[in-house]
Amino acid sequence: MKAIRILLILLALYFGTALGAQSIITGQVRTIKGASVEYARVLALSPKDSTILSYAFTDARGAYQLKVNSSLSELILSVSSMEIERTDKRVRNTTQTCHFSVREFTTVLREVQVKARKIWGQKDTINYSVGSFVGKNDLVIADVLKKMPGIEVDLSGLIRYNGKAINKFYIEGLDALQGRYGIATNNISAKDVATVQVLENHQPIKALENSSPSDRAAINLKLKPEVKGTLSMTAQLGLGYDTQLRRNEELTAMYFAKRKQHILTAKTNDNGQDVSNELRSFTASSLIPSLAMTALQYPNAPNILKSRYYHNDTYAFTANNLFKLKNDAELNANLILYNDRERERGGSSTSYFLPGGTELISEELSSSSRSTQVESELRYNINKEQLYFNNLLELKARWSRERGDIVASEPIEQTMQDRLLQLSNTSHWVHNGEGGKGWNILWRNALATEPHRLGIRPGLYPARLNAGHGYAELVQDVRHKAYFSFAELSMLSALRIAGISVNPTVFLQAQHQDLDTELGTTALAGSYSPMPDRAMHNGIGFTRLSAGIGQQFTRKGDRLHLTITLPLFYRYTKMSDSYRPHEGIDEAKLYFEPSGSLKYNLSSNLEVRLMGSHNRSIPSLPSLYTGYIMRSYRSLSRNEMRQYSSANTSAGISLSYKDIFAMLFFGGGIDYKYYRSEAIVSNRIEAPLVVLERLPIPHSGHSWSANARFSKGFDWAGLNISVHAAASQGAGMSYMQGDLLGYRSQSLALGAKATMKPFEWLNAEYNIAYNAYRSRQEQRSWLTPVKSMNQQFVGHLNLIEDVAIRFGLEHYYNSAVSEGRHFTLADLGLVYTYKKVRFSLDLTNLFNTHLYSTASISDLVASHSYYEIRPRAIMLKARFKLL
Amino acid sequence: MQTLYRWALACLLAMLGQSLMAQSLYLPPRTIYSGSQQTLDTASYMITYTFRIKLNPKEAKVSEDLVALQVGKRYTRFYSLALAQTDSAAVAAVSAGKRVYRGHQGFAMREDIYQDLRAQTLFTTYRTMAMAPILYYEDVLPSFAWSIGTEQKTILGYPCTEARLNYRGREYTAWFAPSLPIPYGPWTFAGLPGLILEIEDTKGEVQFTAVGIVGDRQEPIRFWDIGYHKSTPAKAKMLIKKMHKQPYAFFRTFMPNGMIGADGEVLTDRHSLAYNPIELE
């Protein structure tokens with residue numbers, strides 16, 4: 001129909017001459033002042049319905065010519081342009097000259113701004129526009145990161161991109177925080193950040209970019225120009241009440257410039273806010289493992305937001321400074337001071353299903369602890385394509401005192417004192433020469449000492465420990481010192497065959513540990529004496545040397561990344577114990593531990609990854625000491641001094657897809673693990689005491705797991721949805737009361753999260769997670785599965801300018817809990833911004849719920865525990881910029 | 001165990017096969033990573049369009065770019081915003097002493113079209129594949145035989161009138177805004193009594209839709225002062241066709257000793273690229 005109409009018009013125009021005479025109208029368009037108007041549009045319109053009969057544009061002299069084919073007797077001539085006022089004239093439809101005199105006038109254009117793309121990308125870099133994701137109530141950048149598709153932030157503050165933890169966090173390309181990025185995410189204002197960049201496949205060491213490809217991503221915050229080079233200071237004053245007055249005060253100062261960055265924070269609170277999250281490094285790996293051998297028995301912390309149950313009194317100060325030197329080297333100096341007093345209350349009852357019947361251990365625990373921590377680090381770093389040099393010196397000191405009361409069959413008091421001093425230094429030097437050939441030297445050294453002491457009153461288990469005589473206190477004294485050194489030298493691309501570069505590596509690791517433990521008693525009269533039985537003490541000297549050579553084969557193409565590592569280790573262990581002069585280890589063995597990974601980009605959006613590894617582990621000192629150690633008031637443990645080894649094999653395949661234009665991310669994978677070990681930990685229950693011993697019983701086990709995740713962002717209503725699912729199945733062995741028992745377990749986890757902003761005045765976030773777990777012993781039927789589900793809903797209402805209402809509801813369900821299966825928490829908050837001060841009034845735990853209960857049932861153990869959470873509270877905070 | 005291996009292998013093969021078959025080879029346009037720009041004019045208006053094209057008419061896949069029309073007193077420029085962004089990032093990186101990838105990641109419109117309204121000429125630069133030269137050719141401003149219809153619709157809040165055109169092998173339906181007396185539009189399309197806010201060919205292979213209009217921002221209309229491969233419209237057309245039909249041979253013309261790895265694949269005589277130009281004739 002349309003086509004016919006157009007054809008008719010065309011015909012009418014074409015045969016215009018036949019129907020009516022063609023009139024040619026010419027003329028000139030000039031301004032009132034006489035200047036000719038170029039590019040003005042002249043239309044010939046029908047007076048009846050304003051249809052366009054003909055049109056023309058004026059030339060440089062302002063002249064135009066219109067050819068009109070119409071039988072109409074009259075026409076309207078209309079002249080306009082963006083620079084002149086529209087002028088109309090009614091004329092007869094005849095060939096004529098018609099000049100126009102027009103007024104200059106600027107047409108105000110009704111502009112339509114192009115919506116900025118929320119996410120855009122270049123090779124290996126994805127940019128998220130913060131302005132497109134930020135909500136009215138988002139205070140710090142962590143609030144916005146959570147909403148970006150593909151990025152996840154977990155409860156501890158750990159950031160994952162496409163399911164994998166990030167390896168670096170930069171601010172304007174500089175790494176001032178050394179992995180403690182909680183300081184940045186929880187303190188940098190969301191308004192100050194322009195773009196969040198995800199740097200995919202990020203190898204932080206430029207000189208290793210070609211030889212050691214990375215599959216991890218880094219995050220870089222790009223700040224708004226007005227933030228750079230200016231000092232900003234923010235303060236928060238908070239006062240509240242629950243059963244007593246509470247406080248939450250903060251002061252932060254930041255300065256970001258091209259050649260220096262400073263971040264200073266000072267915080268104190270006793271209302272449950274966990275500041276230690278900001279002090280934890282998410283990327284550092286400690287060379288020295290924990291040296292603590294004993295611990296207070298604490299109630300099991302619930303798996304909910306820590307601020308719900310954290311009874312604290314915290315003071316924290318951090319100073320992070322980065323200077324860029326003349327040679328583009330970076331100098332970092334960071335300091336952390338932390339002091340905390342924590343109180344816990346809870347209880348548990350644990351049933352052990354033993355071959356001879358069920359043993360039940362119940363306890364009610366309350367404890368308090370105070371700890372002080374000082375950490376400082378100094379780093380010098382040069383990161384160039386040809387040369388990388390990094391030296392990191394760290395000093396850490398911590399001292400703590402803990403005290404706990406237990407109500408079990410009798411009241412028990414436990415105390416612990418612990419001091420730690422640790423010094424470590426890491427030097428890393430990479431030289432990358434012609435054709436990618438070069439070398440890589442890593443040398444790490446660490447020294448630590450941690451003396452600690454556990455005291456238990458009254459003297460427990462007299463029959464087992466004190467020849468049946470009553471006594472006042474059981475004292476476990478531990479002196480543990482360790483020295484670790486690790487050196488690695490590798491050649492980069494020493495050889496290149498068919499695009500594969502071969503990096504031979506030589507490494508050397510040495511460690512020496514001294515572990516002196518003494519179990520003693522304080523008699524009722526008050527005199528202390530060590531236990532006469534030598535089996536209750538250790539006087540160990542432990543030395544282990546590992547030397548190895550390895551070949552690393554890597555191929556880095558545009559589509560294919562392949563890494564195969566074939567290391568051969570020689571491990572020598574020497575261990576002696578002054579209490580057992582006839583026992584000892586003096587053994588050396590060779591181990592081969594191959595591993596490999598392959599990544600293939602099926603397209604620029606889709607990649608598939610295959611990985612596999614095999615390794616053998618031999619026990620470290622905490623699995624070798626032979627004298628008994630009282631690890632807690634109800635756990636007594638020892639091992640055999642023998643080098644049992646265990647072999648672990650794993651393989652996996654994973655797939656990851658991203659389409660940044662569609663804001664779509666998904667992925668998944670399957671993993672298989674198999675282990676075989678020569679020794680097993682035996683559990684012997686002598687309620688309430690659990691005696692743990694490592695025994696030479698070979699056993700094996702395996703597990704399967706599969707996971708999938710999906711995340712999609714929409715332009716509509718700022719909707720962002722993510723879904724994840726995981727399932728696993730495993731089989732293994734345990735040794736209980738002298739019986740070797742096989743078990744199987746299955747678990748399923750499903751979860752979904754949605755954030756959206758359906759209206760300008762409403763922001764909503766919803767989270768749901770479901771877990772199911774069941775297990776069975778060999779030749780028995782499956783136990784009733786434990787199902788748990790939790791849901792969280794948070795909404796922000798902005799009905800009036802400057803006022804926001806926040807409401808949150810959390811619901812937890814656990815099918816194994818007999819009483820209190822459902823657990824609900826509700827919060828209400830009000831935010832009001834007056835001038836530059838942001839006031840917030842928070843009511844937390846509106847229902848004043850006191851206890852969190854949880855339960856679990858596994859093959860051999862069923863436990864039910866509860867924990868006291870923070871009561872209903874009110875807190876008023878004022879946050880404002882000082883500078 | 002066996003079943004799982006078989007399953008995993010089947011999955012992998014299926015994915016590999018699909019990616020090789022479904023994904024037509026696309027050679028990214030090269031970026032400009034050094035050189036300076038001269039300012040031709042100042043833009044009075046800038047109109048942003050989404051550009052959608054089916055590079056392979058047989059496939060459902062549509063490639064998309066964000067493109068812009070700058071209108072100045074003497075010159076207009078029509079170009080890819082994505083490519084311009086890549087260019088400026090590459091130039092900044094090179095001047096900072098970094099090595100850069102010389103191609104644009106993903107699809108982008110290869111043409112950068114300038115109209116000189118005074119001289120009544122048109123000049124175009126065309127980005128061939130990475131490493132190969134950028135073509136430059138001049139032409140006279142084309143004339144368009146529009147027929148104005150009566151259908152109306154609103155785009156970006158502006159009432160628009162329909163117009164039809166048969167031009168160089170395609171039939172188009174355009175929508176122009178009579179309230180914006182600017183005689184230009186996307187690509188080289190011009191001459192309607194109002195700004196063209198949308199134009200689409202009747203086969204649904206090519207489409208430009210306005211998504212933004214801004215007024216005077218004193219934005220310069222720039223032109224890269226670099227060494228172009230000077231050509232004529234007819235010769236350029238032949239070269240572009242050859243680049244798509246025989247990319248290997250095309251590449252050899254410029255780099256007699258060269259080989260190219262595009263998407264990790266080494267280009268050989270067997271390869272050809274999907275070719276569906278806007279101007280068919």
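## Antiparallel pairing in chain A

Strand E2 (residues 41-45) and strand E5 (residues 74-81) of chain A pair in the antiparallel sense over 5 bridges. Strands are DSSP runs of E with at least two residues, numbered from the N terminus; two of them pair if DSSP finds at least two bridges between them. Leu43(A) has Ser78(A) in E5(A) as its bridge partner. The model is predicted: local features need pLDDT of at least 70, side-chain atom pairs count only at pLDDT 80 or more, and totals for chains, interfaces and linings use all residues. Residues are numbered from 1 along each chain as its sequence is written, chains are lettered from A and ligands numbered from 1 in the order in which they are written, and side-chain values use heavy atoms, with hydrogens and water left out.

E2 and E5 belong to an open sheet of 4 strands in chain A, ordered E3-E2-E5-E6 with antiparallel pairing. Its edge strands are E3 (52-57) and E6 (84-92), each pairing on one side only. Neighbouring strands of this sheet are turned by 20 degrees against each other on average, direction ignored. The axes are lines fitted to C-alpha atoms, and angles run from 0 to 180 degrees between N-to-C directions.

## Strand E40 and its partners

Strand E40 (residues 680-686) of chain A pairs with strand E41 (residues 689-695) of chain A in the antiparallel sense, over 7 bridges. A hairpin through 2 residues joins E40(A) to E41(A). Arg684(A) stands opposite Val691(A) in E41(A).

E40(A) also pairs with strand E43 (residues 720-736) of chain A, in the parallel sense and over 2 bridges. Here Asn683(A) stands opposite Met736(A) in E43(A).

## A nonpolar surface patch

Chain A carries a nonpolar surface patch with about 960 Å² of accessible area together; its residues include Trp429(A), Ile441(A), Leu568(A) and Phe592(A). Patch residues have over 30% relative accessible area and no salt bridge, and nonpolar side chains (Val, Leu, Ile, Met, Phe, Trp, Tyr) are joined within 5 Å. A salt bridge is a side-chain nitrogen of Lys or Arg within 4 Å of a carboxyl oxygen of Asp or Glu. Areas come from the Shrake-Rupley method with a 1.4 Å probe; for residues, only the protein chains shown count as cover.

Strands E32 (560-577) and E33 (585-592) of chain A each give two or more residues. E32(A) supplies the largest share, 4 residues. Leu568(A) is found in E32.

Notes:
Patches are made of residues with over 30% relative accessible area and no salt bridge: like charges are joined within 9 Å, nonpolar side chains (Val, Leu, Ile, Met, Phe, Trp, Tyr) within 5 Å.
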